[in-house]
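Subject: The structure I promised you

Hi,

Here is the structure we talked about, ready for you to open. Have a look around first, then read on for what turned up.

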Amino acid sequence: MKMQSFGSQAWDTSLALQALIACNMTNEIGSSLKKGHEFIKESQVKENPSGDFKSMFCHISKGSWTFPDQDHGWQISDSTAEGLKCLQKWWFSSLGASRSPKMVGGVVLEHEYVECTASSIQALVLFKKLYPGHRTNEIDNFITNAKRFIEDVQIPDGSWYGNWGSCFTYGAWFSLGGLASAGKTYNSCLAICKGVEFLLKLQGDDGGWGESWLSCPKEKYIPLEGNRSNLVQTAWALMGLPHYGQAERDPTPLYRAAKLLINSQMEDGDFP
């Protein structure tokens, strides 16, 4: 029997680097960006599995990213998308310019996920800007089908079930970002309108969002006990809202959420 565990180094690094790149402080933090960029490059899987891997029901892995690092070898679609996005955003900034299978009842099942789908849309939209002539029809077809999937799996209350974070807040962050990258707007897409309203109605009195892990097994939104806010989930919601002109319609929810995050920062710059 072989058992394989893993961390989340590649995933964490790709998200952290994208956050740093978004700060537009390339000159001040150039050395940190360079180290992170090298780690992401070295973490890419360079070869497919050995032997006749297709007969063993394995997918190609060459060119992908895993959750932890290259040695792990188990490719997942959203880590690949975030790794690709990270390198592309690095390229722009330097110029100035399938998840792993899910265990259910002891059986390995594979599903489609809004998070993986949305990350893939964002990565391929960025890729088109860098390489507009490469496999254009295939990429356009993928984006069309992917945004249709995100719209189709939306729950009637405007939410999306997130499989890899807790839970509906996480799904909304990714889904709204994916639809925005695909060219959808608040005025042209009912799914976006419903998704935005879902997030806004759940904002707490202190400006934050807080969702219990119980949302995952119960498959319905459950707030944290005492309606407490969670800073990570507040950041997710705050990243999902500005794509659709929320600042123009009513910036107050954004200001309240940003104020909570700013006031929660500790002296060393970290967050509790």
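Predicted model: local features only at pLDDT ≥ 70, side-chain atom pairs only at ≥ 80, totals over all residues.

Let's start with a question: on the other side of α7, which residues are exposed?

First, the length of α7. With 12 residues at 1.5 Å a residue, the helix should span 16 Å, and its end C-alpha atoms are 17 Å apart, which agrees. Next, its covered residues: Ala191, Ile192, Gly195, Val196, Phe198 and Leu199 are the buried ones in α7. Looking down the helix axis, you'd find these buried residues within an arc of 155°, so they line one face of α7. That brings us back to the question: Leu190 and Lys201 are the exposed residues on the other side. As for the buried residues of α7, they pack against α5, α6, α9 and α10 (246-249).

Now for the core. The largest nonpolar core has 41 residues, and Trp160, Ile192 and Leu199 have the most contacts inside it. At least two residues of this core come from each of α4 (114-130), α5 (136-152), α6 (168-181), α7 (190-201), α9 (231-240) and α11 (252-264). The largest share is that of α6, with 7 residues.

Last topic: charged pairs. Side chains of opposite charge can pair when their charged atoms come close. The count here comes to 5 salt bridges, and I'll show you three of them.

- Glu38 and Lys41 meet through their side chains at 3.5 Å, N to O. Both lie in helix α2 (residues 30-43), 3 residues apart, about one turn of the helix. Glu38 counts as partly exposed because its relative accessibility is 33%, and Lys41 is partly exposed too, at 34%.
- Glu82 and Lys85 form a salt bridge at 3.2 Å, N to O. They sit 3 residues apart in helix α3 (residues 77-94), again about one turn. Which is it for this pair, buried or exposed? Glu82 has a relative accessibility of 3%, so it counts as buried. Lys85 is buried as well, with a relative accessible area of 4%.
- Arg135 pairs with Glu138, and their closest N and O atoms are 2.9 Å apart. Glu138 counts as partly exposed, at 46% relative accessibility.

Why does a spacing of three come up in helices? An α-helix has 3.6 residues a turn, so residues three or four places apart point the same way.

Cheers

Key: Residues numbered from 1 in each chain as written. Heavy atoms only, no water. Core = buried A, V, L, I, M, F, W, Y, C linked by side-chain atoms within 4.5 Å. Buried < 20%, exposed > 50% of the residue type's maximum accessible area, 1.4 Å probe, protein only. Helix = DSSP H or I, 4+ residues; strand = E, 2+ residues; numbered from the N terminus. Expected span 1.5 Å × (residues − 1). Arc of directions from axis to C-beta. Contact = heavy atoms within 4.5 Å. Salt bridge = Lys/Arg side-chain N within 4 Å of Asp/Glu carboxyl O.
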